[in-house]
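Hello,

Here is the structure I promised to pass on. Please open it first; my notes follow below.

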Amino acid sequence: MTPNTLRSFAAGLLAAAILTGSVYLFGPSEAKSTEKPSDKTEEAEKLSDKEMIELLASKGYVINTEAEWSKQLAAAAKSSEKKDEKAEEKTEDKTGEKVVYRTILTVSMGMTSIDVGNALEKAHIIESGIQFYKDVEKRGLENELRPGTFEIESGMTTDEIISVIFK
C-alpha cells in the first residue's frame, strides 16, 4: 500500500466512526413501535388483580399467595425428610445392622483422586467424592495415587481407604 492509499483508508474509517457516533448520541432516545396498538394489550393493562387471577386460572395456571407458597415449601421439605428417613431405614437389614457395600476399584494410569472419589461415591462407599478429594489434598497425597485393583468396603474409614489406595 502506498502512503496516500493508507491515509485515504484511515480518513474513511474516521468519517464512518464520526457518523456512527453522532447518530448514536443525537438520535432518538426511545425506540418506537411500528405496530398498531391492539385491543388485547389495552385490556391487559386495565385488568384488576382478581381478573388477572381468574384469567390465569382459566388457562390452567395455579396462583398462590406468599403464605400458601411458604406452606407448600414447608410441606415439601417435611416429605423429603420423611423419604430420607425411610431410605436410611431401608439400608438396614432385618437384624438392624447397616448394609455394607463392597466394591472392587481399579485405578489406572492417568486417574486423579477426584476420579477415585467419584467412583467411590457411585459405589456408595463414601458420601461425597469432593470431600474425599479434599481429605486427600489435605494430606498432600493427591500425586501419590497407586495404579492397581483394590477391594474397598463402605465400613472403612476415610483414613483406611486413603491408606489402601495411596502410597
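A salt bridge here means a side-chain nitrogen of Lys or Arg within 4 Å of a carboxyl oxygen of Asp or Glu. By that rule, the side chains of R139 and D159 form one, with an N to O distance of 2.0 Å. R139 sits in helix α6 (residues 129-139) and D159 in helix α7 (residues 158-165), so the bridge ties together parts 20 residues apart in sequence. Both ends are partly exposed: R139 has a relative accessible area of 40%, and D159 has 45%.

Keep in mind that this is a predicted model.

**Overall layout**

The chain has 167 residues, and buried ones make up 13% of them. It holds seven helices and two strands. From the N terminus, the order is α-α-α-α-β-α-α-β-α. Among contacts with a separation of 6 or more, 51% are between residues 24 or more positions apart. The chain exposes about 13,900 Å², and carbon and sulfur atoms supply 55% of that area.

**Confidence**

The mean pLDDT of the chain is 82, and 86% of the residues score at least 70. Helix α1 (residues 3-26) has the highest confidence, at 93. Helix α2 (residues 39-46) has the lowest, with a mean of 58. Where pLDDT is low, predicted coordinates should not be read in detail.

**The other salt bridge**

How many salt bridges does a search of the whole structure find? The search finds two. Besides the R139 and D159 pair, E153 bridges to R102, with the closest N and O atoms 2.8 Å apart. This pair links distant parts of the chain: E153 is in strand β2 (residues 148-153) and R102 in strand β1 (residues 102-107), 51 residues apart. Is R102 buried or exposed? R102 is exposed, at a relative accessible area of 60%. E153 has 24% relative accessibility, so it counts as partly exposed.

**Nonpolar core**

In soluble globular proteins, nonpolar side chains tend to be buried together. The largest nonpolar core in this model has 17 residues. V116, L120, F132, I152, I161, I165 and F166 touch the most other members. The elements that give two or more residues to this core are β1, α5 (113-122), α6, β2 and α7. Helix α7 gives the largest share, three residues.

Apart from its neighbours within four places in sequence, I165 is in contact with L105, V107, V116, L120, L145, R146, F150 and I152.

**A buried serine**

S113 lies in helix α5. Its relative accessible area is 2%; buried means under 20%, so S113 is buried. What is S113 in contact with, leaving aside its neighbours within four places in sequence? The contacts are F132, Y133, V136, E142, L145 and F166.

**Surface patch**

I53, L56, Y61 and I63 form a nonpolar patch on the surface. Together they have about 370 Å² of accessible area. Y61 is in the loop between α3 (49-58) and α4 (66-90). At 53% relative accessibility, Y61 counts as exposed.

**One backbone angle**

H124 is in the loop between α5 and α6. Its phi is near 65 degrees, a positive value in a residue other than glycine.

Best wishes

Definitions and conventions:
Residues are numbered from 1 along each chain as its sequence is written. This is a predicted model: local features need pLDDT of at least 70, side-chain atom pairs count only at pLDDT 80 or more; totals for chains, interfaces and linings use all residues. Side-chain values use heavy atoms; hydrogens and water are left out. Helices (H or I, at least four residues) and strands (E, at least two) are DSSP runs, numbered from the N terminus. Buried means under 20% relative accessible area, exposed over 50%, partly exposed in between (1.4 Å probe, protein chains only). A nonpolar core is a set of buried Ala, Val, Leu, Ile, Met, Phe, Trp, Tyr and Cys residues joined through side-chain atoms within 4.5 Å. Contact means heavy atoms within 4.5 Å. pLDDT is the predictor's confidence in each residue, from 0 to 100. Patches are made of residues with over 30% relative accessible area and no salt bridge: like charges are joined within 9 Å, nonpolar side chains (Val, Leu, Ile, Met, Phe, Trp, Tyr) within 5 Å. Accessible areas come from the Shrake-Rupley method with a 1.4 Å probe; for residues, only the protein chains shown count as cover.
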